[in-house]
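Trainee: I have a model open and want to learn how to read its features. Where do we start?

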Amino acid sequence: MSAVSGILSISDAATNEWVSEYQDTILVRNAKGMNAGTTLFGLMSRLKNEPAETTDYKWFERDPVKRVVYASAANTNTTGTASLTIEFDDNAPSAGSVAGIIQSGSILVNTRTSEGVRVTNDGSSDAYTVERAVIGSAAAINNNDEFVVITLGKDEGATPVNAVYENPTTLNNYIQTFNSTVELTNAFKGSKLRTDIEGPLKERRVQALERIGRDIELAYFFGAKLDKAGTNGRVYYTGGITNSIDTHGQTSQKLAGGAGSGVSMANFKAWLEQFMVFGSDAKLAFAGPKAYSALSNHANSESNGFRITGSETVFGMNIQTILTPFGEISLAMHPLFKEISAYNSSMVVCDLPMLVQKYMEPLFLEPNIQTPGQDSYKEQFRAKYGLKLKFAEAFGYAEDLQKINA
């Protein structure tokens, strides 16, 4: 024991004697509170949820009845009302048949030349004889010219037209099992901590819940639909929004933002037009800080045709309402896109009414799963969820979006 003479000060106190002040909680960015980085998962819990009967769930989608066909060859004939044979297809990758879509008596209008033609026979091998210039003037036809089927007329006493049906497309996705574990020794579990007087269990539960929530969140955005062999069976992964767009949408629904060089306003508008015209008139865009800045800054300009019409705070997010030439976008900065540098320049535009959360086992805490007799405590959060995205044509996403050039 050492002696201390004179006035005692803090520096004279023994190391174990002097107690400084500690806050009894741990502050974590975006961890506690409403904005924990799992914004879409939080929204999904308030939107439509459907139970899943199997891990591989399917649904059907059918486009509206087709009214557009395409010329499958060029024809330079411009002779008045003389008859002409035109070959058509549906402009699909496999150049599908248009039988039934076009029938004798149909009037078709070329959207490029505004010429209307009248079909005078039911065709063979998608080649139809037409009467020229029943609307407008006869003009040369280019390969892949678009024709709109305006109407179908029949003569008096005619027999019924041929029946035509269009089959739906079958789509599927998988239920994914999500897990997050809490495990600590009984000695540590029973201890008192400076950061949690009640013990370490609660704080570790918060971290585990945050982890599984973010697993679900990123799967809903960027997950790939996979069916893989596992140790005890199959391992299923649910496909996310970007995967659905890549698989069932058009390549033009994905925007390459050009990073620091930026993307032209014309290309940005063309990207919006690809998906904004389908589904709901108002969509929600989740963005990283650079992508958010690109659109927000451009909307604040007075000369670009975009306008910010309002803002509100929902689930801890500040949402700016931006009016575009093709509809309304609610722009929000996503916490995970902000934290993960790879997604700083990303934007995912969602049509929320078209999203459904499938569940087989809602998120829950399963306690006491440690090995019997083991001197430890173990529990887990577990969930079985999947995403059903209806009509991928109504969604879009951008990468490397940092600047929009006027």
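Predicted model: local features only at pLDDT ≥ 70, side-chain atom pairs only at ≥ 80, totals over all residues.

Trainee: Which residues touch the most other members of the largest nonpolar core?

Mentor: A nonpolar core is a set of buried Ala, Val, Leu, Ile, Met, Phe, Trp, Tyr and Cys residues joined through side-chain atoms within 4.5 Å. Buried means under 20% relative accessible area, exposed over 50%, partly exposed in between (1.4 Å probe, protein chains only). Here the largest core has 37 residues, and Leu40, Ile241, Phe286, Cys350, Leu355 and Phe395 touch the most other members. Elements that each supply at least two residues include α1 (39-44), α3 (201-222) and β21 (376-389). The largest share, 7 residues, comes from α3. Another core, of 24 residues, lies apart from this one; Met265 and Phe306 are among its members.

Trainee: What does isoleucine 241 touch?

Mentor: Contact means heavy atoms within 4.5 Å. Not counting residues up to four places away in sequence, Ile241 touches Leu40, Tyr220, Phe221, Val348, Cys350, Leu355, Leu387, Leu389 and Phe395.

Trainee: Which residues of α4 are buried?

Mentor: Helices (H or I, at least four residues) and strands (E, at least two) are DSSP runs, numbered from the N terminus. In α4, Ile241, Thr242, Ser244 and Ile245 are buried. They lie on the same side of α4 because they cover an arc of only 160° around the axis, taken from the directions from the helix axis to the C-beta atoms. α1, α3, β19, β20 (355-366), β21 and β22 (396-401) are what these buried residues pack against.

Trainee: How many strands form the closed barrel?

Mentor: Strands of a sheet pair through backbone hydrogen bonds, either parallel or antiparallel. Two strands count as paired if DSSP finds at least two bridges between them. The closed barrel has 6 strands, β3-β4-β7-β6-β5-β8, with antiparallel pairing. Between β4 (residues 83-89) and β7 (residues 127-135) there are 5 bridges. Serine 83 has glutamate 131 of β7 as its bridge partner.

Trainee: Is threonine 324 buried or exposed?

Mentor: Threonine 324 counts as buried because its relative accessibility is 8%. This residue lies in β17. A polar atom of its side chain lies 2.7 Å from the backbone oxygen of glycine 327. Leaving aside neighbours within four places in sequence, threonine 324 is in contact with Leu272, Met276, Phe306 and Ile329.

Terms used:
Residues numbered from 1 in each chain as written. Heavy atoms only, no water. Polar contact = N/O pair within 3.5 Å; in protein donor to acceptor, adjacent residues only side chain to side chain.
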